[in-house]
Amino acid sequence: MNLLLMVSFSSIAGGIHHWLVSNIASELLAKVIEMVIAGVALLLFLVPLCFVLGYMERKVAGFMQMRYGPNRVGPYGSLQIVADTVKLLMKEGLTPTGSDKFLFNLAPVIVVVTCMLVIAPIAFAKDFQLWDINIGVLYVSAISSLAVIGILMAGWSSYNKYSLLGAMRSGAQIVSYELSVGLSLISIVILTGSLKMSDIVMSQETGWWIFRGHLPVLISFVIFVIASTAEINRAPFDLAEAEQELTAGFHTEYAGMKFAMFLLAEYINLFVVSAIAATLFLGGWMPFHIGHWEAFNHIMDYVPSSLWFLSKTFFVIFIIMQFRWTFPRLRVDQLLTLEWKYLLPISMVNTILVTVMAIMGWHF
Amino acid sequence: MFLTEYFRTVYKGVRSLLIGMKTTGYYFTHARKEIKTEEYPDNRATLTMFDRFKGEVTMPHDDNNEHRCTGCQACEIACPNGTIKIITKQELQPDGKKKKAIDTFVYHLELCTLCNMCVTACPSDAIKMGQSFEHSVYDKKQLKKVLNKPGSKIMEGVE
């Protein structure tokens, strides 16, 4: 039992690092091998995660609409997503005539790559992080807005009016919702005084920001969740995809594996956004601590940090999924009204409140 | 004035969204009780259809193999697409008079849209909508049905 507690992700990573450094003469080669291992580990984590999220989404949707969801393939339908993936692998990767073939094939890659880039500064467990840069939050907000390029590329190169309309909508949507996401991230940066992800997590040792920051941080958490739901193009903000109006929006023309990559990107984005919300507002891998209850805090410390991180992330993922199956979709003008008339002014005032709170030291 | 209106909108919006989330959250947490799905081929033994479900036109017969159809052909006239064909005969009564009665009540299920107009047109409640719905067959001819059972006759007192 004691041994089991000693093994953590950071010790595994540290062990691999020491082994590589001591056994491989060339420093560059060791670094390259380390990067390859990290990339493969990330893929091995993300692809099964997308299976889990796909299954979870369909089950959540089913239960919220008073039906079962998938329940035929495998126990409780758990192999349904595997069956769907095999089907997508078998399908022909069609490139329509008249499309810009290079951009058309490049777009899904760009979408997946951008959403995987955002994962780099996320702390999965204690001392277990791919890249702890000192501008973590800035990096996240900068890279996550790049995803729209892939979507625009897909819509533009498809040679299809629905795809183009979807892509244009996506552009308008990301440009506007980026602001609210940025402002709500800034409120945590103000309180922490650092853009570094590990500093932000460490600052929540005595309590998560959502509890310590009173109402303003709660408001910015809500705004972050709403705006990032819009940023990752999920219903009720799925205007870029818009099954109801634009068949499938920007990925109308895609089939087979290229389509599957858009799906993969959607779920990775969902995970990334939830992970960032969990890191900034819910304490990342930090266990749940209550003030001076030493015994309680000590018991909480025994739960592995990766488990804390994943459970918080899945909590936010569940909320975003519940949004999808509860709220009605917005029209384009309603979407922009919500951002420019409600979310942006509120988050601006909220930023001032947070700043005053941070200067006066009113938070716990 | 503007600000109060603004905050009222925000409050109303947030409140209605929370009510929606409460509803779906209830469905999610009480899934076992709330799920309405009928797992049809599996639950065939226990499946019960609703009273108002219209599966096919049937003619109920009682224990003495008697039906209530007088052969008035009101249903045949009411039917919008010629689903019902009634072949009548003249039956000799004990008192020597002749009376109209049905020989065969032909019902073409393949033409029927289950609009219920024949049932409402019937003056003597002889036909009813049945609950059975598994009608698929390989040959169209099997869908032509004779509703009155062989050897059946009209019930006493139905005119």
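Predicted model: local features only at pLDDT ≥ 70, side-chain atom pairs only at ≥ 80, totals over all residues.
Trainee: Okay, what does Arg58(A) pair with?

Mentor: Arg58(A) forms a salt bridge with Asp84(A), and their closest N and O atoms are 2.8 Å apart. That pair links distant parts of the chain: Arg58(A) sits in helix 3 (residues 27-64) of chain A and Asp84(A) in helix 4 (residues 80-90) of chain A, 26 residues apart.

Trainee: What about Arg329(A), which residue does it bridge to?

Mentor: Asp238(A), with 2.7 Å between the closest N and O atoms. Here both partners are in loops: Arg329(A) in the one between helix 15 (305-326) and helix 16 (332-360) of chain A, Asp238(A) in the one between helix 11 (214-231) and helix 12 (243-246) of chain A. They are 91 residues apart.

Trainee: Why does Asp238(A) count as buried?

Mentor: Because its relative accessibility is 6%, and the cut-off for buried is under 20%. Arg329(A), at 24%, is partly exposed.

Trainee: Which residues of chain A are linked in a network of salt bridges?

Mentor: Glu57(A), Arg234(A), Glu266(A) and Arg324(A).

Trainee: Switching to chain B, where do Glu5(B) and Arg8(B) lie?

Mentor: Both are in helix 1 (residues 2-29) of chain B, three residues apart, which is about one turn of the helix. Glu5(B) is partly exposed at 40% relative accessibility, and Arg8(B) is partly exposed at 47%.

Trainee: Now the interface. How many residues does each chain bring to the contact?

Mentor: Chain B gives 17 residues and chain A gives 19. The area buried between them is about 1,700 Å², and carbon and sulfur atoms give 70% of that.

Trainee: Which three residues supply more than any other three of the area chain B buries?

Mentor: Tyr6(B), Met21(B) and Phe28(B), which supply 34% of the area that chain B buries against chain A.

Trainee: How many salt bridges are there between chain B and chain A?

Mentor: Two. Arg72(A) and Asp42(B) meet in a salt bridge through their side chains, at 3.1 Å from N to O. As for polar contacts, eight residue pairs turn up across the interface of chain B and chain A.

Trainee: Which part of chain B gives the largest share of the side that touches chain A?

Mentor: Helix 1 of chain B, with 10 residues. By residue type, the side of chain B that touches chain A divides into eight nonpolar, five polar and four charged.

Trainee: Last one: where's Gln173(A)?

Mentor: In helix 8 (residues 161-192) of chain A. Gln173(A) has a relative accessible area of 1%, so it is buried.

Trainee: What does the side chain of Gln173(A) reach?

Mentor: The backbone oxygen of Phe237(A), at 2.9 Å. Leaving out residues up to four places away in sequence, Gln173(A) touches Ala230(A), Asn233(A), Phe237(A), Leu239(A), Ala240(A) and Leu335(A).

Technical notes
Residues numbered from 1 in each chain as written. Chains lettered and ligands numbered in written order. Heavy atoms only, no water. Salt bridge = Lys/Arg side-chain N within 4 Å of Asp/Glu carboxyl O. Helix = DSSP H or I, 4+ residues; strand = E, 2+ residues; numbered from the N terminus. Buried < 20%, exposed > 50% of the residue type's maximum accessible area, 1.4 Å probe, protein only. Contact = heavy atoms within 4.5 Å. Buried area = accessible area lost by both parts, 1.4 Å probe. Polar contact = N/O pair within 3.5 Å; in protein donor to acceptor, adjacent residues only side chain to side chain. Nonpolar A, V, L, I, M, F, W, Y, C, P; charged D, E, K, R; others polar.
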